[in-house]
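Please read it with the structure on screen.

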Amino acid sequence: MCGISGFLNYFNPDAQHLLEKMNQILFHRGPDGGAVFLENGTGFAHRRLAIIDLETGIQPMHSQDGRYVTVFNGEIYNYIELRDGLEKHGCKFRTSSDTEVIAESIRIWGIGEGIKKFRGMFAFAVFDRTEKTLYLGRDRAGIKPLYWSKKGGSFFFASEIKALLAIPEVSRKADFTGLNDFLTLGFPIPPKTCWQDISNFPPAHYAIVRNGAEPALQRYWKWKISETPMSENEAIEKATDVLCRSLKYHIRADVPLGAYLSGGIDSSLLVCLLTKKGIKEKLNTFNVKFSENSFDESRYSEEVARICGSKHHILEISKGTPDILEKVLCQYDEPFGDSSCVPTYLISAIMKDNVKTVISGDGGDELFGGYDRIRYASSIYRLRNLPMKNILYNILSFNSSFFGTEKLRKYKKAIGFSRAGTPELFCLLHSYFTEEEKITMCNKSFLLQANDAPTWSRMEKFIPAEKGIGIRNMLMGTEFNLNLQADYLRKVDIASSAHGIEVRVPFLDNEVIDFASELPIGMKIRERECKYLLREVTRRNISRTIGNRRKQGFGIPFDSWSKGLLHEYIRDLLFSKPDDEGIWRIMGNRKTVISLFEKFSAPNPVNYSTLSRHQIYQRMFMLCGIQIWMNRHNPEL
Amino acid sequence: MKNRKTVICLIGQLGNGGSEKQLYLFLKYLDNSKYSPIVVVSSISGGSRWERQIREEISVPVIFLGNIPKIMKFAKFAWLIVKKRPSIVFSWSFYTNAFCMVCPGIRFIGSLRGDLFIAKSQIGHINYQCSLKPRHFVVNSRFLAKELMLERIPKDNISVVYNIFAQENNSCGNLDMAERRSMLREKLGIPRDAVVVAGIGRSSPEKDFPFFISVLEKAGVTEKKIFGLLIGEMGEDIRNKIREMNLQDKFILTGKLESAHEILPAADIFFLSSISEGMPNALIEAVDAGCAILATDVGGVWEILEPLGTDITYRIIISDREASSAAAKLLFLSQNPCFMEKIREHRMKILEKFNPDKIMSEYYEILNHGG
């Protein structure tokens, strides 16, 4: 985990000062050191979290001949193998770090071929001083972040939005389409952010930027489903092999390494393979514990730790405080709707006292079919062929006590969903605020300034286009292409980097991804079981209890937290503003928000006609996120 | 004249409303060397102003399908299609979009001119689904386009064409605004220094005049000079409400008028209190009359007022329908003549959007290529 930032073609007398300022803003990402490089309008800044080659891996790093300058955030795990290959081409290396490999790969193979050989997580910038060309690249899944902005012929980039906001030329105008999509999905759809002038650099892409010209973006890899028939035993054996190989790469570090252990399938499996297969003998593992039983997974994580013999640390989290909520949400520089960012942030805080690098199970759900909603989707899809489904839907829409029962409401919802196209169905399955809710709750001004089309219409490019792969593969592909980068990985990156910790994700290793794309869908999702293959590997290697566990989201008990200090804080945060300020510039219908808040504050769960308890608190969390963002950054709306 | 295209304009009813006025203006400006329009009304004659003007002033034939069962109306319209062989059928109401089912092989353009969610709640499911069948839609606000897109109508199949606004002659000749104002106030018996707040329309639930009255009552506590001017036919409920609140001295009700533009310049502020609108013509007329604006956050309002910029619009649009916050905004306006003037300064920019030539060129584009 490092912080990189920089610019191209920026001839401002204050350029040096700006570069240092951007670097200082990213201090938390790399507390071990920092340096800048500035030459003829091109500047690079780097904050370093030293993981590999603690002595000589200082950046910005110049190549042996001085032609290339590199700043890099992440790890290229196969750098030893790449070095061997490059040395055969006559390359000489001054350091033993992975950073030096990037520029030499570009020199020998070109960026298009070189980047395909990298096995790891990375976002880098390389400046060719001879050709006056900037190369940027980001890993396949988007593990490492990169943002950019182009203003008046100058090009700027940084690991986090906050560094780009320090640039005077970058405006603080809010992006209404980004905010609109945030309300539906909990994040803006990349490449958009909630800032008009700032874009997200797409994963699996590289860019070549020359002075004043538009950046030439090129995709170098794409998630493709290529199912290959294999037996169950064969699949289990292969899964174990690829995961072990991935783990061997992922433990390459010159600093203490730990693992996040929730007690769920993914993290348990990784910890177990690490210890039981002799990859890493002594391991620190970490988890959080809530006083609310339904959120507490600690007994499962303790069991896995006992089986694997790891030294297990549990952080007990009591009631949430306004301070925690603000601190966490402010890190994201734009509204962020996934409430699990709070425990992720808190656990990172305790991990930093023990380790510098952590293994995490992220990516397992997206690659191996871990979400129940994907399973539901195929049932919903079957309803498409239901005869007279529109008539049935109308009958179920009658507002009567009989048709109001929970079960029938679910049927009605499922039939309603079955009429949707794939992108719309994806939104409905995730949806925080539906399109209809947005129309009734939001200011018309906001809705009109946002893109006219509904959020789902901007999602086509994230849906795998291969014919005949089936709805489950399509939705899983969308989870991988969209939610993974914009929600889950972003959450982890921001929460961990705030504490100077590097999180490594073995499930997102190139070989594991390739294996998952070959795996038949039946090995991922079975009639009643999600993530079938990984469960089977877990049942055989760890315990049947862990393998059979139902998936539990890594959320916060916002519901019970809201009864304490947080309740007053949220009321004040949202309702103290007049109706032309703050969140009311987006949410026009104050009465609906008040009614939502009243439901949220109700002491006992009641039978809600349309929203579940979880949906209510999720919506409140999002509204708080918007207001906290506005208070912090004062965006122009 | 031989090669003129026959265009059937199909409308649900021909009353005195805004949609009917828009149909009249469309027909008035339509190039009759290229198009031969016929108006078909799916109900019976009401002898309204617009019916009269369409028939007599611009000589467009009007055919009524009559008060018969719906299925018969479809059959009658199908027969009319065979007989008239139109090149285009342009459904002017959302409810008449369903007639596309009996127009196979004919270019059919549908419309949406009011809130879709309200239409959904007012007509049956089958009727609603059939009304979404046309291949191409004309809507008069971007917001309505957004609503249609939620019903999975592709963006490319929707054209946003704003209402036509044509300035009408007034009886005050060349008097400047201030002179007209004082002349009208004298005529209506309103004190010269009053802050006059006008509302326009028939007293339907959508216009929500009780809200209008409540807001004026609240604001009147602080600003004694506030005066309400309700232009149009008001029901007994509105009169009772005014009496109940003891505001008889603070309100003038003009009763039914052919056109509001003669009276509107008497007002300082126009207050749109509607619950729902497609594209409020009254608001455009008020801008033309030089009134400052206060409006609820309903369809079309933001689009009309867009040229004012968000700093102004957020201060004059009421998003929560709370009488107290609306009264606060009204007081702010009434006590800040400079702010009111700022709104007036943008008058021409706002009206430009609704210029007849501009709007008609957009209609021609659709008549030639849409549907």
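1. Start with strand 14 (residues 284-290) of chain A. Five of its seven residues are buried, so the strand is largely enclosed by the rest of the structure. Buried means that 20 or more other C-beta atoms lie within 10 Å of a residue's own; 12 or fewer is exposed, anything in between is partly exposed, and C-beta atoms are placed from the backbone. Helices (H or I, at least four residues) and strands (E, at least two) are DSSP runs, numbered from the N terminus.

2. A word on the model. It is predicted: local features need pLDDT of at least 70, side-chain atom pairs count only at pLDDT 80 or more, and totals for chains, interfaces and linings use all residues. Residues are numbered from 1 along each chain as its sequence is written, while chains are lettered from A and ligands numbered from 1 in the order in which they are written.

3. Which strands pair with strand 14 of chain A? Strand 13 (residues 257-260) of chain A is joined to strand 14 by three bridges, and the two run parallel. Pairing here requires at least two bridges found by DSSP. A:Tyr260 stands opposite A:Phe286. Strand 15 (residues 311-317) of chain A also pairs with strand 14 in the parallel sense, over seven bridges. There, A:Phe286 has A:His313 as its bridge partner.

4. The link from strand 13 to strand 14 of chain A goes through helix 7 (residues 265-276) of chain A, and this β-α-β crossover is right-handed. Right-handed means that, with the strands pointing away from the viewer, the path from the first strand over the helix to the second runs clockwise. B:Leu230 is partnered by B:Leu253.

5. One of the bridge pairs is A:Gly3 with A:Arg47.

6. How do helix 6 (residues 232-250) and helix 21 (residues 532-541) of chain A cross? Their axes come within 10 Å, at roughly 80 degrees. Axes are lines fitted to C-alpha atoms, for helices over the stretch in contact, and angles run from 0 to 180 degrees between N-to-C directions. The two helices are therefore roughly perpendicular. The cut-offs are under 35 degrees for roughly parallel, over 145 for roughly antiparallel, 65 to 115 for roughly perpendicular, and oblique for the rest. A:Ala235, A:Ile236, A:Ala239 and A:Thr240 of helix 6 meet A:Leu533, A:Glu536, A:Val537 and A:Arg540 of helix 21. Contact means C-beta atoms, placed from the backbone, within 7 Å.

7. Helix 9 (residues 322-330) and helix 26 (residues 613-633) of chain A have axes that come within 10 Å and cross at roughly 75 degrees. These helices are therefore roughly perpendicular too. Residues in the contact include A:Leu325 of helix 9 and A:Ile628 of helix 26.

8. Helix 5 (residues 176-185) of chain A is mostly covered, with eight of its 10 residues buried. Among them are A:Leu179 and A:Phe182. The buried residues pack against helix 15 (422-430), helix 16 (435-441) and helix 26 of chain A. Just after helix 5, A:Gly186 takes a positive phi of about 90 degrees.

9. A:Glu100 is a charged residue to check. A:Glu100 lies in helix 3 (residues 99-117) of chain A. With 30 C-beta neighbours inside 10 Å, A:Glu100 counts as buried.

How values were computed: Contact = placed C-beta atoms within 7 Å.
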